[in-house]
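Open the model in your viewer and keep the sequence panel beside it.

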Amino acid sequence: MMPAAPDQQAFGYPSLFLLVLIGALVPVVPTGALVSTAAVVAFHRGAPLALLLIFLVSALGAFLGDVTLYWLGRRGMRSRNGSRWLEAIRTRAPEERLEQAQEKLDEHEVAVLTLSRLVPAGRLPVMLACLMAKMPMRTFARGDLPACLAWALTYQLIGILGGSLFPEPWEGVLAAVLLTVAISAAPTLWRRVRRAATG
């Protein structure tokens with residue numbers, strides 16, 4: 001396969017960065033699927049430098065998005081009226097997950113923050129627990145940076161795996177997207193199954 005043209009790369013990396021950044025702020029964009037898809041395409045083009053750039057761009061977008069959301073959440077915690085950003089974090093952090101995150105944060109602090117991005121639907125409950133514990137921004141950023149690097153690497157490896165298993169790029173993209181969606185949906189489905197079983 002021919003490597004991507006420079007103009008395509010110049011357009012693709014900023015777009016990936018912005019989408020991952022927005023996805024960190026507004027958790028409805030499937031950012032993991034975006035990273036995996038980009039990795040599949042780069043793998044099929046035989047572009048190792050592109051894979052490195054995808055990793056760096058994705059990790060940077062995730063980190064800046066997380067730090068910005070945390071900063072907005074801190075402002076909301078200090079405000080009498082709260083903020084829509086803080087409310088958005090609260091609505092996406094189920095009470096049960098928040099309690100677990102608070103317990104783990106008390107025991108392991110930064111290590112929990114580092115792992116939170118690798119656990120499906122784990123980022124926002126841990127972030128809210130950090131906000132409620134009044135964790136300083138510097139401490140949050142120190143724990144979040146390795147979390148974002150591990151997250152970007154994990155979803156890139158999913159993309160590389162999808163790309164290596166299928167001869168056509170679209171097949172690898174489809175496999176990577178389905179896998180990332182399944183990983184993201186697993187916690188919600190598990191909670192519903194548990195409620196149905198106990199109800």
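**Stop 1: Thr 68**

Select Thr 68: this residue is partly exposed, with a relative accessible area of 33%. Bear in mind throughout that the model is predicted. Thr 68 sits in helix α3, which covers residues 48–78. Now show its side chain together with the backbone of Leu 64. A polar atom of the Thr 68 side chain lies 2.7 Å from the backbone oxygen of Leu 64. Ala 24 and Thr 68 are 44 residues apart in sequence, yet their C-alpha atoms are 8.9 Å apart in space.

**Stop 2: the whole chain**

Zoom out and colour by secondary structure. The protein has 9 helices and 0 strands. Read from the N terminus, the order of elements is α-α-α-α-α-α-α-α-α. Of its 199 residues, 40% count as buried. Among contacts with a separation of 6 or more, 77% are between residues 24 or more positions apart.

**Stop 3: the cores**

Which residues touch the most other members of the largest nonpolar core? Select Val 20, Val 35, Ile 54 and Trp 151; these are the ones, in a core of 22 residues. The elements giving two or more residues to this core are α1, α2, α3 and α8. The top contributor is α3, with 9 residues.

Beyond its neighbours within four places in sequence, Trp 151 is in contact with Val 20, Thr 31, Gly 32, Val 35, Ser 58, Ala 62, Arg 117 and Leu 118. Then move to the second core, which is separate and has 17 residues, including Tyr 70, Ile 89, Leu 128 and Met 135.

**Stop 4: the surface**

Select Leu 18, Ile 22, Val 26 and Val 28. Together they form a nonpolar surface patch with about 330 Å² of accessible area. Pick out Val 28 from this group: it is in the loop between α1 (6–25) and α2 (31–44). Val 28 counts as exposed because its relative accessibility is 55%, over the 50% cut-off.

**Stop 5: Lys 134**

Finish in another loop, between α7 (123–132) and α8 (137–165), where Lys 134 lies. Is Lys 134 buried or exposed? At 70% relative accessibility, Lys 134 counts as exposed. Check its backbone too: phi of Lys 134 is near 60 degrees, a positive value in a residue other than glycine.

Methods
Residues are numbered from 1 along each chain as its sequence is written. This is a predicted model: local features need pLDDT of at least 70, side-chain atom pairs count only at pLDDT 80 or more; totals for chains, interfaces and linings use all residues. Side-chain values use heavy atoms; hydrogens and water are left out. Helices (H or I, at least four residues) and strands (E, at least two) are DSSP runs, numbered from the N terminus. Buried means under 20% relative accessible area, exposed over 50%, partly exposed in between (1.4 Å probe, protein chains only). A polar contact is a pair of N or O atoms within 3.5 Å; within protein, one must be able to donate a hydrogen and the other to accept it, and residues adjacent in sequence count only if both atoms are side-chain atoms. Contact means heavy atoms within 4.5 Å. Patches are made of residues with over 30% relative accessible area and no salt bridge: like charges are joined within 9 Å, nonpolar side chains (Val, Leu, Ile, Met, Phe, Trp, Tyr) within 5 Å. Accessible areas come from the Shrake-Rupley method with a 1.4 Å probe; for residues, only the protein chains shown count as cover. A salt bridge is a side-chain nitrogen of Lys or Arg within 4 Å of a carboxyl oxygen of Asp or Glu. A nonpolar core is a set of buried Ala, Val, Leu, Ile, Met, Phe, Trp, Tyr and Cys residues joined through side-chain atoms within 4.5 Å.
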